[in-house]
Amino acid sequence: ARVPAPPGSPPGTPPLRRGRPMNDPCKSATTADGKPLHWGAVPFDNLYGPDGWCNADANPVHTCGCALESLTGRFCDEPNESFCVNQCSGR
């Protein structure tokens with residue numbers, strides 16, 4: 001789960017830990033009380049339940065995948081910087 005920057009941090013300070021991204025194919029099919037949503041396909045509990053993508057610490061029942069550039073890993077929490085090979089030597 002996302003951990004915000006400490007209280008009193010200057011504006012623009014990044015969070016201590018990013019939240020997990022929810023890309024377009026990873027939208028809830030219902031509201032918390034079961035009302036249908038027309039833009040999603042994933043059961044609400046698979047995203048927001050205790051074992052869902054947004055809350056599970058180890059084994060979520062559903063994963064959303066990393067759709068954001070520069071993030072990788074099982075929970076999209078590992079930075080991965082892409083770069084041009086000819087620009088990495090510092091010359």
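A residue counts as exposed when its relative accessible area is over 50%. By that cut-off Asp 33 is exposed, because its relative accessible area is 56%. The model described here is predicted. Its side chains form one salt bridge and two aromatic pairs, and its largest nonpolar core has seven residues.

**Salt bridge**
- Asp 33 meets Lys 35 through their side chains in a salt bridge, at 3.7 Å from N to O.
- Lys 35 is exposed as well, with a relative accessible area of 52%.

**Aromatic pairs**
- The structure contains two aromatic pairs.
- In one of them, the ring centres of Phe 44 and Tyr 48 are 4.8 Å apart and the planes lie at 45°, so this pair is tilted.
- Helix α1 (residues 44-48) holds both Phe 44 and Tyr 48, which are four residues apart, about one turn of the helix.
- Tyr 48 is partly exposed, at 37% relative accessibility.
- Trp 53 and Phe 75 also form a tilted pair, with 6.2 Å from centre to centre and 35° between the planes.
- This pair links distant parts of the chain, 22 residues apart: Trp 53 is in the loop between α1 and β1 (71-72), and Phe 75 is in the loop between β1 and β2 (78-79).
- Trp 53 is buried at 0% relative accessible area, and Phe 75 is buried at 12%.
- The charged end of Arg 20 sits over the ring of Trp 53, 5.4 Å from the ring centre.

**Nonpolar core**
- The largest nonpolar core consists of Cys 26, Val 42, Leu 47, Trp 53, Cys 64, Phe 75 and Cys 76.
- Beyond its neighbours within four places in sequence, Cys 26 contacts Val 42, Leu 47, His 62 and Cys 64.

Technical notes:
Residues numbered from 1 in each chain as written. Predicted model: local features only at pLDDT ≥ 70, side-chain atom pairs only at ≥ 80, totals over all residues. Heavy atoms only, no water. Core = buried A, V, L, I, M, F, W, Y, C linked by side-chain atoms within 4.5 Å. Buried < 20%, exposed > 50% of the residue type's maximum accessible area, 1.4 Å probe, protein only. Contact = heavy atoms within 4.5 Å. Salt bridge = Lys/Arg side-chain N within 4 Å of Asp/Glu carboxyl O. Phe/Tyr/Trp six-rings, centres within 6.5 Å; stacked < 30°, edge-to-face > 60°. Helix = DSSP H or I, 4+ residues; strand = E, 2+ residues; numbered from the N terminus. Lys NZ or Arg CZ within 6 Å of the ring centre and 35° of its normal.
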